[in-house]
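Dear colleague,

My notes on what was found in it follow directly after.

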Amino acid sequence: MHPDLGSSFSLLDLTALVCFLSAWWGYSYAVEHLSGGKRSLNGMMNRYRHAWADQQIVRENRVVDTTINASLQNGTAFFASTALIALGSALTLSRSADDALTLFSTLPFGAPMTRAVWEIKVAGLALIFVYAFFKFAWAYRLFNYGAILIGAVPPREGDPVRIERAARRAAAMNVVAGGHFNRGQRAFFFALAYLGWFVSAYVLFATTAMVLTVMWQRQFASDARRALQDYDDP
């Protein structure tokens, strides 16, 4: 480790980083575990995932179900590939540290930093993209499992109890897969906020607040949520 690394990060830098991580964890916990999260766009869509299972029970031909699941898999594969590309791009930043340090120091609110600090910040960005890749890759695998579970739903002429349990099982797997996909996307959003730290701690405070605002608006006050709410079942 660089001998001056401990003194290179100011108290303001460490405070901004703690606020960034706390905002990420707090938002995730609120959306996924608190009761208010059920009223979010993700929570409402999870109910429609179960409504999709209800249609599987009465549908004779389930080709449409496998098609929907395939589209979910394809979208997840795209984001997993994007995460790998972003990871490679982040790692190349360490190779151009000298030019980047000069550039960021000339930006408004830019703060000078050492090469060691720059490399630590780049490593943090890379870790975010690694986390995102694992989430997308696992979501892809779970959607694959979901396709198998859809295929395991008995024909509608079979035992109603078995059919309902099988459909509910497929829906539960789909909800879990969607949750991991959402966490991967959330990592992408917070990676944008993290970029502010390359300029200065003050910018990290601002970008974290902006990302939180945008994500909250999309989950609780967006036109997409209103579209569901306006036509939701009574």
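In this predicted model, the axes of helix 3 (residues 41–58) and helix 7 (residues 160–194) come within 9 Å and cross at roughly 150°. An angle over 145 degrees counts as roughly antiparallel, and helix 3 is therefore roughly antiparallel to helix 7. The crossing of helix 3 past helix 7 is right-handed.

On the side of helix 3, this contact is formed by Asn42, Asn46, Arg49, His50, Trp52, Ala53, Asp54, Gln56 and Ile57. Their partners in helix 7 are Ile163, Glu164, Ala167, Arg168, Ala170, Ala171, Ala172, Asn174, Val175, Gly178, Asn182 and Arg186. By class, the residues of the contact of helix 3 with helix 7 comprise nine nonpolar, seven polar and five charged.

Helix 3 also meets helix 9 (residues 223–230): the two axes come within 10 Å and cross at roughly 40°. That angle makes helix 3 oblique to helix 9, and the crossing of this pair is left-handed. Here Leu41, Met44, Met45 and Tyr48 of helix 3 meet Ala224, Arg225, Leu228 and Gln229 of helix 9. The contact of helix 3 with helix 9 consists of six nonpolar residues, one polar and one charged.

A further pair is formed by helix 2 and helix 8, whose axes come within 9 Å and cross at roughly 10°. Helix 2 and helix 8 are therefore roughly parallel to each other. Helix 2 contributes Leu12, Asp13, Thr15, Ala16, Leu17, Cys19, Phe20, Ala23 and Tyr27 to the contact. Helix 8 contributes Ala201, Tyr202, Leu204, Phe205, Thr208, Leu212, Met215, Trp216 and Gln219. The residues of the contact of helix 2 with helix 8 divide into 14 nonpolar, three polar and one charged.

Val203 is also found in helix 8. Is Val203 buried or exposed? Its relative accessibility is 19%, and the limit for a buried residue is under 20%, so Val203 counts as buried. Val203 and Ala16 lie 187 residues apart in sequence, yet their C-alpha atoms are 9.1 Å apart in space.

I turn next to the nonpolar core. The largest nonpolar core has 35 residues, and those that touch the most other members are Phe20, Leu125, Ile128, Phe129, Phe136, Phe190 and Tyr194. Two or more residues of this core come from each of helix 2 (11–33), helix 4 (63–93), helix 6 (115–151), helix 7 and helix 8 (201–220). Which helix gives the most to this core? Helix 6 does, with 10 residues.

Tyr194 may be followed in more detail. Leaving aside residues up to four places away in sequence, Tyr194 touches Leu17, Phe20, Ile120, Lys121, Gly124, Leu125, Ile128 and Leu204. Among these partners, Phe20, Leu125 and Ile128 are themselves listed with Tyr194 as touching the most other core members.

Finally, some values for the protein as a whole. The secondary structure comes to nine helices and zero strands, and the pattern along the sequence is α-α-α-α-α-α-α-α-α. Of the 234 residues in the protein, 40% are buried. Among the contacts with a separation of 6 or more, 79% are between residues 24 or more positions apart.

With kind regards

Conventions. Residues are numbered from 1 along each chain as its sequence is written. This is a predicted model: local features need pLDDT of at least 70, side-chain atom pairs count only at pLDDT 80 or more; totals for chains, interfaces and linings use all residues. Side-chain values use heavy atoms; hydrogens and water are left out. Axes are lines fitted to C-alpha atoms, for helices over the stretch in contact, and angles run from 0 to 180 degrees between N-to-C directions. Helices (H or I, at least four residues) and strands (E, at least two) are DSSP runs, numbered from the N terminus. Angles under 35 degrees count as roughly parallel, over 145 as roughly antiparallel, 65 to 115 as roughly perpendicular and the rest as oblique. A crossing is left-handed if the near helix is turned anticlockwise from the far one by less than a right angle, and right-handed if clockwise. Contact means heavy atoms within 4.5 Å. Ala, Val, Leu, Ile, Met, Phe, Trp, Tyr, Cys and Pro count as nonpolar, Asp, Glu, Lys and Arg as charged, and the others, Gly among them, as polar. A nonpolar core is a set of buried Ala, Val, Leu, Ile, Met, Phe, Trp, Tyr and Cys residues joined through side-chain atoms within 4.5 Å. Buried means under 20% relative accessible area, exposed over 50%, partly exposed in between (1.4 Å probe, protein chains only).
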